[in-house]
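Here is a brisk report on a structure, taken feature by feature. Have the sequence and the 3D view open as you read.

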Amino acid sequence: MADLTTDFLGITSPNPFWLASAPPTDKEYNVRRAFEAGWGGVVWKTLGAEGPPVVNVNGPRYGAIYGADRRLLGLNNIELITDRPLEVNLEEMARVKSDYPDRALIASIMVPCEEGAWKEILPRVAETGADGIELNFGCPHGMSERGMGSAVGQVPEYIEMVTRWCKTYYDKPVIVKLTPNITDIRKPAAAAKNGGADAVSLINTINSITSVNLDTMSPEPSIDGKGSHGGYCGPAVKPIAMSMVSEIARNPETHGLPISGIGGITTWRDAAEFISLGCGNVQVCTAAMTYGFKIVEEMATGLSKWMDEKGYTNVRDFVGQAVPNVTDWQYLNLNYIAKAKIDQDQCIKCGRCYAACEDTSHQAISMSADRVFEVIDEECVACNLCVDVCPVEGCITMEQMQPGTVDPRTGKRVEEEYANWTMHPNNPMANAAE
Amino acid sequence: MAHGQTAPGILAGRLSSEEIETNFSDLHPPYAPHEAAVAADRCYFCHDAPCVTACPTDIDIPLFIRQIQAGNPEGAAETILSQNILGGMCARVCPTETLCEEVCVREVAEGKPVEIGRLQRFATDVLMEAGTHPFVRAAETGKRIAVVGAGPAGLACAHRLAMLGHQVTIYDANPKPGGLNEYGIAAYKATNDFAQAEVDWLLKIGGISVECDVALGDGGLTLEGLRGEFDAVFLAIGLAGVNALRAQGEDKPGVHHAVDFIADVRQADDLLKHPVGRHVVVIGGGMTAIDAAVKSKLLGAEHVTVAYRRGASAMGASKFEQDLATSKGVKLMFNVQPKQVHGEDVATEIELEYTATVDGALQGTGETVRLPADQVLKAIGQRLEGVPDALHLNGNKIAVIGAGRTSVEGVWAGGDCAAGGEDLTVTAVAEGRDAAMDIDATLRA
């Protein structure tokens with residue numbers, strides 16, 4: 001059994017699965033259940049400043065989109081930070097940390113963008129014995145209207161400034177949680193690093209309306225006939241999150257900055273993918289909210305088994321292993337030529353590949369009267385759409401053409417040498433000197 | 001009243017009312033909306049889908065399933081009914097296992113097809129429960145058409161003609177319209193008097209009048225008369241005759257035609273009072289044989305045997321129907337033919353002779369077996385009866401060319417009475433619909 005013990009910023013946890021700052025980590029009762037279930041750590045639900053706590057709406061806070069059989073694919077929420085008094089949260093955190101010294105406990109914090117506010121709260125958080133803090137610069141709803149959350153995360157200068165205050169007034173690790181509601185994720189990540197952050201975590205949730213009630217014409221979730229954009233999360237956001245993680249991991253300015261990956265992680269495989277893209281650990285929320293805390297058992301056993309198969313003995317063995325393979329489009333090998341191939345033994349003759357290719361792509365699949373579907377190599381550009389729409393996994397594959405053979409589509413010989421757009425004669429920017 | 005299953009003779013009240021109610025409940029309970037959505041999601045929306053090709057009425061199956069999936073069951077029903085106005089009944093009685101579902105790519109790939117029949121039922125049920133009729137009549141053409149026979153072919157033809165603006169009069173020999181949907185379909189496939197509800201719904205199109213208890217050849221109803229009175233005639237008279245066993249003792253009390261038995265059960269007000277034998281032997285190998293056998297069992301017969309003269313693979317009833325029968329406790333006996341019905345005053349035993357195929361011909365081997373039989377049900381086929389002399393026949397059915405044109409000008413025929421096509425409800429609907437289109441084109445020419 002591979003050892004799942006993870007060291008992230010010097011904080012050890014028995015596995016890389018932390019619960020993200022969110023409703024599941026709002027209070028002692030939930031967090032104790034999470035630790036009993038086997039979670040490696042929690043980021044406690046975001047704390048606000050001393051004083052009367054925020055209030056939440058009293059109608060629905062969540063909206064969802066579903067796949068078949070109501071499988072939850074995406075969730076959004078309009079819940080704010082903790083609506084319980086700061087004192088109560090701090091007391092509970094101290095108790096839990098003392099009872100579970102081997103688990104990671106991180107305090108998420110969101111207070112106004114004033115040095116005094118941070119200076120005031122940080123020592124009190126430190127007293128709890130929490131292993132670190134996470135700065136909530138991500139929540140896109142409600143708090144952002146008050147100049148906090150994603151309103152800070154969208155201004156790199158603010159990120160840098162607040163991070164610096166935290167590093168000044170707090171001596172344990174500082175993680176900066178980033179909002180995806182921004183054009184270029186590399187900028188806030190660099191700002192966090194410049195401010196002295198020990199790590200970034202991402203993504204927070206995405207601005208979203210999950211549906212519109214066509215009878216009342218109200219967005220969902222609907223509060224008395226009105227809706228407000230919520231933060232989108234769950235399996236649907238994973239591809240967006242992974243792209244953003246990879247951008248930070250491969251940006252020279254932030255390369256090597258520890259990342260805690262968040263965004264739709266539901267299974268061990270999702271976690272392994274995030275880690276391969278440079279994350280030192282992962283945070284989970286929606287999957288737990290959908291299925292309960294027990295899912296961590298699947299995640300831990302699945303990851304461990306896969307690591308055994310691959311010969312990895314520690315999570316750090318494969319952190320960032322996929323990062324070197326994330327590149328810009330312009331560097332992709334244009335001499336790599338593939339053709340779709342349909343395995344007739346596996347084909348169930350639904351014709352989806354044909355419809356997709358004929359109607360929307362390159363007319364590269366033929367259909368016979370007796371429903372035999374075959375690829376026309378002369379037309380196939382290897383776009384992969386047929387693979388994506390085929391209901392039988394492995395039935396259609398992309399086969400690389402060997403160097404020296406002739407691509408029947410272009411009539412040109414397949415070259416062995418790597419060649420990309422920067423070298424291509426059609427590129428007016430190509431270096432003529434080469 | 002409680003005779004139990006082992007009392008000899010043909011008796012009512014073999015089962016409790018609870019048992020009868022359970023036995024005659026819906027064979028395939030309808031989907032709940034969520035179940036339907038999940039079942040619909042299994043459809044791959046195949047290109048040029050094989051299921052459509054396999055459907056005698058060419059229903060756009062992938063489209064209607066997608067409409068269900070997208071929360072539009074009424075639209076799905078309209079897609080179905082525009083091709084097959086009896087889509088509700090067909091959803092219940094079609095042998096989907098040998099039609100659309102047999103060729104579903106998921107049947108081929110996984111042995112588990114998309115449940116097209118049940119999805120069709122879901123959609124049509126939603127629409128019929130709403131009570132709406134989505135079709136409207138075109139402007140009156142002033143043309144009048146007679147339809148003889150209110151079974152699936154006649155109803156489908158009448159509805160399409162009415163929709164096209166013609167006035168239709170349907171004549172039927174039975175007290176109620178519906179044909180085999182009303183008198184022939186197994187009770188457990190069309191519960192809650194669905195056949196009549198469907199006819200009532202169909203007639204909402206308007207422009208159709210129905211006259212029951214009138215058969216061709218009596219009461220002054222003749223083909224010549226109809227030709228004189230109407231602009232066109234559509235014959236959908238079914239197969240009114242039943243074949244004889246040609247076995248000794250066939251006339252003994254206790255020997256019945258399976259079609260009559262099935263019709264009686266369908267029309268019974270109280271199944272508790274419907275008699276059935278202790279030992280029932282059904283002769284035949286088609287759907288009628290299976291339906292009669294299953295019904296006997298469900299009514300409380302202790303032993304029910306279907307005796308068929310050929311092997312299982314030659315049976316007209318599908319594998320699904322055979323399995324249904326055996327799952328209810330019916331015994332299927334192959335390669336035996338009836339030789340004699342024994343009994344002093346009433347049938348008590350049947351003697352069957354084993355058969356073998358020699359040089360391509362089926363013949364008795366001489367070896368016989370006797371089974372207890374206080375009720376024998378003959379299900380060895382129906383035949384055309386009462387067909388007007390003027391019509392040419394093809395084999396023993398009315399000869400037709402194209403969309404049901406008979407040898408007599410202005411007369412079309414479809415359904416079981418016409419040559420060609422399988423004797424299925426869905427085929428009859430297709431023939432009625434297509435004849436209507438041809439009649440319309442002819443009358444407008």
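B:Asp359 counts as exposed, because its relative accessibility is 80% and the cut-off for exposed is over 50%. Keep in mind that this is a predicted model. B:Asp359 sits in the loop that joins strand E13 (349–358) to strand E14 (361–372) of chain B. Its phi is positive, near 50°, and the residue is not a glycine.

A:Met217 belongs to the loop between strand E12 (211–213) and E13 of chain A. Its relative accessible area is 59%, so it is exposed.

## Cis peptide bonds

Going from A:Leu202 to A:Ile203, the peptide bond is cis, with omega near 10°. A:Ile203 lies in the loop between strand E10 (199–202) and strand E11 (206–208) of chain A. The bond from A:Glu220 to A:Pro221 is cis too, with omega near -5°. A:Pro221 is part of the loop between strand E13 (218–220) and strand E14 (230–233) of chain A.

## Nonpolar cores

The largest nonpolar core has 80 residues. Which of them touch the most other members? They are A:Trp39, A:Trp118, A:Ile133 and A:Leu202. Helix H10 (residues 295–310) of chain A makes the greatest contribution to this core, with seven residues. A second core is separate and holds 73 residues, among them B:Leu86, B:Ile205, B:Ala428 and B:Leu443. In soluble globular proteins, nonpolar side chains tend to be buried together.

Look at A:Ile133 in detail. Setting aside residues up to four places away in sequence, its contacts include A:Ile106, A:Ala107, A:Ile109, A:Leu122 and A:Val125. A:Cys166, A:Tyr170, A:Pro173, A:Val174 and A:Ile175 also touch A:Ile133.

## Helix H10 of chain A

H10(A) has 16 residues, which at 1.5 Å a residue should span 22 Å. The C-alpha atoms at its ends are 23 Å apart, so the model agrees with that expectation. After the helix comes A:Gly311, with a positive phi near 80°.

Which residues of H10(A) are buried? They are A:Ile295, A:Val296, A:Met299, A:Ala300, A:Gly302, A:Leu303, A:Ser304, A:Trp306 and A:Met307. These buried residues pack against E3, helix H1 (28–37), helix H8 (268–276), strand E16 (279–284) and helix H9 (286–291) of chain A.

## Aromatic pairs and ring–charge contacts

Over all chains, the structure has nine aromatic pairs. One of them joins A:Phe8 and A:Trp18 edge-to-face, at 5.8 Å centre to centre with 90° between the planes. This pair links distant parts of the chain: A:Phe8 is in strand E1 (residues 6–8) and A:Trp18 in strand E3 (residues 17–19) of chain A, ten residues apart. A:Phe8 is buried, at 3% relative accessible area. A:Trp18 is also buried, at 0%.

The A:Tyr312 and A:Phe318 rings are tilted, because their planes meet at 35°; their centres are 5.2 Å apart. A:Tyr312 is partly exposed at 22% relative accessible area, whereas A:Phe318 is buried at 1%. Together with A:Trp268 and A:Trp306, A:Tyr312 and A:Phe318 form one aromatic cluster.

Rings also meet charges. The charged end of A:Arg70 is over the ring of A:Tyr66, 4.2 Å from its centre. In chain B, B:Arg118 lies over the face of B:Tyr31, at 4.4 Å from the ring centre.

## A buried aspartate

Is A:Asp407 buried or exposed? Its relative accessibility is 2%, so it counts as buried. A:Asp407 is in strand E21 (residues 406–407) of chain A. Its side chain reaches the backbone nitrogen of A:Arg409 at 2.9 Å. Not counting residues up to four places away in sequence, A:Asp407 touches A:Ile337, A:Lys339, A:Asp377, A:Met401, A:Lys412 and A:Val414.

## A proline in a chain B loop

B:Pro134 is in the loop between helix H9 (116–130) and strand E2 (144–148) of chain B. It is partly exposed, at 25% relative accessibility. B:Pro134 and B:Ala77 are 57 residues apart along the chain, and 9.2 Å separates their C-alpha atoms. Beyond its neighbours within four places in sequence, B:Pro134 contacts B:Glu78, B:Leu127 and B:Trp201.

Methods. Residues numbered from 1 in each chain as written. Chains lettered and ligands numbered in written order. Predicted model: local features only at pLDDT ≥ 70, side-chain atom pairs only at ≥ 80, totals over all residues. Heavy atoms only, no water. Core = buried A, V, L, I, M, F, W, Y, C linked by side-chain atoms within 4.5 Å. Buried < 20%, exposed > 50% of the residue type's maximum accessible area, 1.4 Å probe, protein only. Helix = DSSP H or I, 4+ residues; strand = E, 2+ residues; numbered from the N terminus. Contact = heavy atoms within 4.5 Å. Phe/Tyr/Trp six-rings, centres within 6.5 Å; stacked < 30°, edge-to-face > 60°. Lys NZ or Arg CZ within 6 Å of the ring centre and 35° of its normal. Polar contact = N/O pair within 3.5 Å; in protein donor to acceptor, adjacent residues only side chain to side chain. Expected span 1.5 Å × (residues − 1).
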